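I opened the model to look up how the chains touch, and then how some of the elements pack. My entries follow.

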Amino acid sequence: MEFDSENSHHNKHQLQFLNKPIDGQALKILVEASLTWLRTNQQLVNSLNVFPVPDGDTGINMVLTMQAAYDEIATSAELNFGKMAHAVAHGALMGARGNSGVILSQLWRGFARGVDNFEILDGPKMVHAFAEARDTAYKGVVRPVEGTILTVAKDTAAAAAEALKDTQDPLQILGKSIVAADISVEHTPELLAELKRAGVVDAGGKGLFFLLEGMLRYINGEPLDTAVTTVQPLSAMNLEDTLETIEPGQDYEVVIDFRPFVPLNLEKFYGNLEKMGTSIQVGEGDGIYRMHIHVPIEKRYEPIDYTMSLGTITKIAMENLIDQMQAIEEKARSQKIKLAPVETGQIAVVAVSPGMGIARVFASLGVAGIVEGGQTMNPSTQDILEAFENLPTDQIVILPNNKNIILAAKAAAELTVKKVTVVPSRTVPEGLSAMLRLAPEGDFDSVVSEMNRAIDEVQTGEITTAVRDAEIDGVKVKEGEIIAMLNRKLVYASHSLEKACLGLLEKANASDYELITLFYGADVTKHDAYHIAQSIGEVYQNLEVEVQDGGQPHYHFILSIE
Amino acid sequence: MSEEYTPNGSIFVSPRAVATIAYQAALKSYGVVGLSPKNLIHGLTNVLVKDPTQGVDVHYDGQNIVIDMYIVIEYGTRIKTVAGSVANTVRFQVEKSLGTPVSQVNVHVSGLRVSDLD
């Protein structure tokens, strides 16, 4: 089973629980959800320990105990809620680790006894089982210490009993119990002086809260894999990548190393940092914490002041991100594209390109001018004109590389005194194929006729997403489907990019050709592109497959088959 | 037992004092529902005088502190885990109060108390 964060799953989970009685299988799902959520937050629970304690790994212990409980039922097809609860309790007992694990297993034991062997769980049974869980847990110790997981279990059971007055719905009762558990956890430092001194809440209580909350989060379709807060080992912190996540207004990067006076209350720490900025990361190693944050310029000293109130600062690093970003952008711009130098009397080519990557390929083939433009962003006649007006030659070839741009290119050709010919390439592969025939020193007319001939020697495949339902050229497509076009004609529709590519190549009789070049678009990752190229290579073992970063919008892939 | 010499004189902590610390720590340990007298005579005297060190034996040979605990555990809990946790807690509390390392904590489970049968 997977826990997705997508909204579409929201209703699915809810319906699953609203329309069906809560039976043994439902309990299994809920136990897995609570285990997952606790595991996600186990670091936070670990960090809540009163330093130094003998049992300093509450989070891990509770996770291992719950893991054992879940392992016991993972493959069970039991429908009886009570029997399933007994199995959970048995697993928890066998796998109990540490103090918190033993208490947890006792809670499950009492809960299981409370639901006896009832087929399904309803509100009153649930309230009864919560009370049993509390009683059983309290029986396990001579002098119960308040302000611990026991207190949280007690408050949760009390809230459940209270909720029963308003509703019989177990899910609503669960919701109200969890609110009470949360409050109870926050209240633990008031009951236990050690917690208050250390500035933390009780770890076991917090763990119990996460277990309950995990169930509710699953029912509500909320994600279970994103921790509330995380601390990573110092060595694992990767601050280099954070430059990519700069948000507008977050001008300064502040990194502070510090040694806290008392163990850090991570939740509070994160909460306060979130008020200052974004891209928060916290790392820990050997008692030293490192925190990283992006803040607006006027708040650049706030993280320092705040951290100083928590501990001894050992190192501060601050950088102006805007300046850094500018440097990076300038570098990218200077690397942009190197166009071929043109000398007087030579033949110069101006190409229209839909993406940076494709422009680079054209440039590498000796294009002297690039005009940005493509399917939905046709360049104006003026744009094209400007691309060649200042070139130091008067023999110009234009490659429009799109059917819709041919006219604008022809218009530009008439507005100049230079000798301009449009080689009507309708697609990028046609244009590239034509470029291969360019001989800058050659005879203008023969070069142009060579280029015109080259256009017909290549087949063009284009893969895009259908924007509406249609039936074209005998192929039915639905909005959102991936469609493949061969030489501007719709030939194939599919749900996957890979299938669309393969379907297209089959229609193009690709096995009769030698080379396939795959230009992947702005919305396709390099990884995916190579993956598809590999699949193509497996089908067409005699063909050479090349992958190029095209960077074009709208088209996932442009394929050149030659 | 635990001895320390200061300019003002020496500090001597008796095994009985250590046993009291261990006793209290054990009772706060989850899963432990009581400590049991080691033998009949202990049990009889205990009826007359509530002994704060019942079920705890502390030995000190001038170098090592060894503590023996005789505990009753709640039926239905995992005995091994509870016993391990008692040993940890006792060692921690004694070391914290005394500032001297404890070399051994032996936990003897002398019985189980049944509150509920499953």
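Entry one, the interface. I find 20 residues of chain B in contact with 21 residues of chain A, contact being C-beta atoms, placed from the backbone, within 7 Å. On the chain B side, helix 1 (15-28), strand 3 (32-35) and helix 3 (79-98) each give two or more residues; helices (H or I, at least four residues) and strands (E, at least two) are DSSP runs numbered from the N terminus. Helix 3 of chain B has the largest share, six residues. I sorted this side of chain B into six nonpolar, nine polar and five charged residues. Ala, Val, Leu, Ile, Met, Phe, Trp, Tyr, Cys and Pro count as nonpolar, Asp, Glu, Lys and Arg as charged, the others, Gly among them, as polar.

Entry two, the basis. The model is predicted, with local features needing pLDDT of at least 70 and side-chain atom pairs 80 or more, while totals for chains, interfaces and linings use all residues. Residues are numbered from 1 along each chain as its sequence is written, and chains are lettered from A and ligands numbered from 1 in the order written.

Strand 5 (residues 65-74) and strand 6 (residues 104-113) of chain B pair in the parallel sense over nine bridges; pairing takes at least two DSSP bridges. I see Val66(B) opposite Gln104(B) in strand 6 of chain B.

Helix 6 (residues 98-115) and helix 7 (residues 123-139) of chain A pack at about 140°, axes 7 Å apart; axes are lines fitted to C-alpha atoms over the stretch in contact, and angles run from 0 to 180 degrees between N-to-C directions. Helix 6 of chain A is therefore oblique to helix 7 of chain A, as angles under 35 degrees count as roughly parallel, over 145 as roughly antiparallel, 65 to 115 as roughly perpendicular and the rest as oblique.

Methods: Contact = placed C-beta atoms within 7 Å.
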